[in-house]
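Please examine the sequence together with the model displayed here. The report below is intended to be read beside them.

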Amino acid sequence: MSIDKKRYGKDWNLIANKVKAEAQYKCEECGRPNSLKKGERLTVHHKDGNPENNARYNLEALCTRCHLGKHKFLQAQYQYTQKEEQGQLNISTGIKQTPR
Ligand SMILES: [Zn+2]
Ligand SMILES: [Zn+2]
């Protein structure tokens with residue numbers, strides 16, 4: 001199976017529009033409606049943080065505010081994972097992990 005090298009394919013707009021339509025153009029987190037006049041732009045978020053995973057279960061419509069919040073959370077999680085991989089959290093086990 002080959003993975004598409006483009007992180008956002010040309011289908012992305014279609015997919016994103018479908019997700020937004022299904023959410024009735026409201027943020028799935030806070031219910032804020034999509035209103036360009038008020039600067040409330042609806043975006044589509046990848047729940048697992050992987051922009052290549054466009055499976056429907058992985059996507060949700062979010063306003064920019066909630067979207068940013070999700071990414072802060074994902075980033076914190078990512079850094080934790082990185083630290084863990086570098087063995088910094090495994091000192092007590094005595095096992096040294098080599099980062100790939
Ligand atoms: Zn929101
Ligand atoms: Zn996102």
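## Basis of the model

This is a predicted model, in which local features need pLDDT of at least 70, side-chain atom pairs count only at pLDDT 80 or more, and totals for chains, interfaces and linings use all residues. Residues are numbered from 1 along each chain as its sequence is written, while chains are lettered from A and ligands numbered from 1 in the order in which they are written.

## Strand β2 and its pairing

Helices (H or I, at least four residues) and strands (E, at least two) are DSSP runs, numbered from the N terminus. Strand β2 spans residues 59-63; five of its five residues are buried, so the strand is largely enclosed by the rest of the structure. Here buried denotes 20 or more other C-beta atoms within 10 Å of a residue's own, exposed 12 or fewer, and partly exposed in between, with C-beta atoms placed from the backbone.

In a regular strand, side chains alternate between the two faces of the sheet. Leu59, Ala61 and Cys63 are buried on one side of β2, and Glu60 and Leu62 on the other. Strand β1 (residues 42-46) pairs with β2 in the antiparallel sense over five bridges; pairing requires at least two DSSP bridges between the strands. Thr43 has Leu62 as its bridge partner in β2.

## Nonpolar core

A nonpolar core comprises buried Ala, Val, Leu, Ile, Met, Phe, Trp, Tyr and Cys residues joined through C-beta atoms within 7 Å. The largest one has nine residues, including Val19, Cys27 and Cys66. Its largest share, four residues, comes from β2.

## Gly31

Gly31 lies in the loop between α1 (12-22) and β1. It counts as exposed because it has 11 C-beta neighbours inside 10 Å. Gly31 and Cys63 are 32 residues apart in sequence, with 8.7 Å between their C-alpha atoms.
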